[in-house]
Structure formats: C-alpha cells, structure tokens
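Me: Hi! I have a protein to look at for class, and I'd like to go through it with you bit by bit. Could you help me out?

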Amino acid sequence: MTRPAKRITSADVAKAAGVSPTTVSYVLNNRPGQSIPEDTRRRVLDAAERLQYRPHASARALAAGRSDIVLLSIPDLPIGPSISRFVEELTVSLAEHGLTLVTHLMAARGRSVPDVCATVGASAVLGFEGFDEPTVQALHRLGVSVVLPPTDAHLSAMPPVGRMQAEHLIGRGHRRIGYLLPSPARFHRMGQERLQGVVGACAHAGLAEPLALGAADLDILDLAGVVQRWTAEEVTGVCAFNDEHAIALLAAMRHLGLTAPDDLAVIGADDIPMARFAAPPLSTVYFDLEEAGKHRAQAVAAGLAGRDVALPAPRTSLRLVERASS
C-alpha cells in the first residue's frame, strides 16, 4: 500500500525560494503595505508554481479573515436546465471574485443548513428559499458574514410560468384548460404555485377553473385515464407541471391514438433539451436565470467586502417557446 505524498506547505516554498515563511505569506496573500523586491516576489511565485503549492483552506481563511466558500442551499425540487444554468453562472461569477461555490441539496432527513455551513466553513449562504430567523441567527453565530434571501428568481414560487402557459392556450382559442399535477408528491407545493398562475389566467379570461389532475409516477396507463377524464370534461388544452410531465402526457395520448394539438394541446415548462425532440415537438416556457446568477454573485462579493448587498435583482426572464404540441 503506497503512502500518500506529503502535502507541500508554505515552508517548503520558503526553503525553495530561499526566503522566510513570512515573506512567502506576504507574497502569496498579496499583503498591502509590504515592500517586497520584485526579484524576491518572482522567486516565491516560481517556487510555488514549481512545487504545485496550494494554500490550505484554513490557512487561507485565517490570512483573509474569512473563507472563500459560498454555500448555496437548493430545496428538494427538480434540478432542471434552468437551475443548472443558474448554478453554473453563479459559480463562474463568484470565481471572478475569488470565491468558491458549494451546493447543498436539501432533503427531508438531511443535514441542516447550519450543520453543512459549519462543515465547509462558508462565509456566505444563499438559497432559493428564505431562511427562518433561527436559521439566520445560527448562521451568524457560525461566523457567516452574508445571508442572502431569495430573489425574484425564486424557482419554487413560479405562478408566472403557469400564467404564461395558460395565456398561450387561451390565446389559441382553448376555453377549457387542464393542468397536469406533479409527481412525485414532494413537488406538490411547487406544482400548486404554478397552478395558481393557470387559475389566475383562466379567471382573467372569464373561464372556469382548470381541471387539475395527476397520475402516480407518470404511469402511461394512469396518464391515459387522466386524458380520458379531460376529454370527457371537454378539456382541449393542458398545462403540464414541467416538460418531463408533458412528454409523458404526449406518450399517453399516443397510447390512446390521440394527437397533439388536434385532440389535446399540450404545453410544458423549463425547455429541457429533449423538448424539441418530443413527438410532436413540445411547446414550453423557458426562464433564463443566468443574469440572476451574476447579480447574486455581485451581492455576495459586496457583502463580504462590507458594502451594501441590496443590489437590484434582475427580473426573471420568461419566454414562450412555441412548437407543434400546442
């Protein structure tokens, strides 16, 4: 069994560069007010690169007075393309400020946000959902400098998505709207919030409330029964919880020999990559959270620098993607 290689320390860099460990600290941490000769600074940097030195996180945090870790708490919801784009943009934008993102997916029996924060030593914490006051106080006791509430890009509260879905179908002449509820049940709240948008659009148009139905585990036969219930109730257009549910619904319609949009118009949400390859290609609602990621990174960096974190948050960019299914 091989023994792991010895970790390179700042003392090794100092020995290789022929300087003191204090000088290494001044150079690598870019300490202000220190007149280090350029030749000395170059020797230290060359030695660090040659030895592939990486400062230990705890030592770096001690030198900076805080860690460079930002913790993002993600609730238990579908991790679709929109959330992935947000996390990617947030990661890149934070890196431009010298910060590192750690994501934590909340689970019903998982560790609490303060517990995870204590483990990774985060200096800032943000999430898609707001934190209650006891959690905020616990985070501050752990030394967290910045705790950011959700922005208007709060993904689990998306009535605008449902409203845009329904408005599209209503604009196409559909007067009886259905809504496909989410499965599994843990997405119930998110589904209900999107359903609120559908209800609002129907009310605004003077239509009856949407007929909201669901099927366990998106079983084709169960979904076929849902489709039959909708057709019996003269539903002609359906807003699905998301694209995965919409694609499953299209499959159930094919099982019954029905087609979209002639027998039932269908629209999803999220614009996943497979939506354009559905049969027929799926109409959907796309929401762009990349700009939101940039703004949250700016807010975190400002807060850690002691500046105002109340930066104006961008409006979530919703866009209808119209394809053959509707």
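This is a predicted model: local features need pLDDT of at least 70, side-chain atom pairs count only at pLDDT 80 or more; totals for chains, interfaces and linings use all residues.

Me: Which residues is F131 in contact with, leaving aside its neighbours within four places in sequence?

Reply: F131 is in contact with S73, V113, V125, L126, V136, V147 and L148. Take L148 as an example: in sequence it is 17 residues from F131, and in space their C-alpha atoms are 8.7 Å apart.

Me: OK, zooming out. How many helices and strands are there in the protein?

Reply: The protein has 12 helices and 10 strands. It has 326 residues, and 46% of them count as buried.

Me: And among contacts with a separation of 6 or more, what percentage comes from residues 24 or more positions apart?

Reply: Those residues account for 73% of such contacts in the protein.

Me: Let's talk sheets. What is the order of the strands in the open sheet of 4 strands?

Reply: The order is β2-β1-β3-β4, and the pairing is parallel. At the edges stand β2 (100-105) and β4 (146-148), each with a single partner strand, so one side of each has no neighbour in the sheet. From one strand to the next, the twist averages 20°.

Me: What holds strands together in general?

Reply: Strands of a sheet pair through backbone hydrogen bonds, and they can be parallel or antiparallel.

Me: How many bridges join β3 to β4 here?

Reply: There are 3 bridges between β4 and strand β3, which covers residues 124-127, and the two run parallel. Within this pairing, V125 stands opposite V147 in β4.

Me: Which strands does helix α6 lie across?

Reply: Helix α6, residues 113-120, lies across β1 (69-74), β2 and β3. Its direction is at about 155° to β1.

Me: Which residues of α3 are buried?

Reply: The buried ones are T40, V44, A47 and A48. Looking down the axis of α3, you would see these buried residues fall within an arc of 100°, so they line one face of the helix.

Me: Why do residues three or four places apart point the same way?

Reply: An α-helix has 3.6 residues a turn, so residues with that spacing point the same way.

Me: What do the buried residues of α3 pack against, and which residues are exposed on the other side?

Reply: The buried residues pack against α1 (10-17) and α2 (21-28). On the other side of α3, D39, E49 and R50 are exposed.

Me: New topic: aromatic rings. How many aromatic pairs are there?

Reply: The count is 1 aromatic pair. The rings belong to F187 and F241, with centres 6.4 Å apart and planes at 20°; that angle is under 30 degrees, so the pair is stacked.

Me: Where do F187 and F241 lie?

Reply: F187 is in the loop between β5 (177-180) and α9 (188-204), while F241 is in the loop between β7 (237-240) and α11 (243-255), so the pair ties together parts that are 54 residues apart in sequence.

Me: Are F187 and F241 buried or exposed?

Reply: F187 counts as buried because its relative accessibility is 7%. F241 is buried too, with a relative accessible area of 1%.

Me: What is phi for E234 and for D270?

Reply: E234 has a positive phi of about 65°, although it is not a glycine. For D270, which is also a residue other than glycine, phi is positive and near 115°. In general, most residues other than glycine have a negative phi.

Me: Are E234 and D270 buried or exposed?

Reply: E234 is exposed, with a relative accessible area of 63%, whereas D270 is buried at 7%. E234 sits in the loop between α10 (220-232) and β7, and D270 in the loop between β8 and β9.

How values were computed:
Residues are numbered from 1 along each chain as its sequence is written. Side-chain values use heavy atoms; hydrogens and water are left out. Buried means under 20% relative accessible area, exposed over 50%, partly exposed in between (1.4 Å probe, protein chains only). The arc is that of the directions from the helix axis to the C-beta atoms. Contact means heavy atoms within 4.5 Å. Two strands pair if DSSP finds at least two bridges between them. Axes are lines fitted to C-alpha atoms, for helices over the stretch in contact, and angles run from 0 to 180 degrees between N-to-C directions. Rings of Phe, Tyr and Trp (its six-membered ring) pair if their centres lie within 6.5 Å; planes under 30 degrees apart count as stacked, over 60 as edge-to-face and the rest as tilted.
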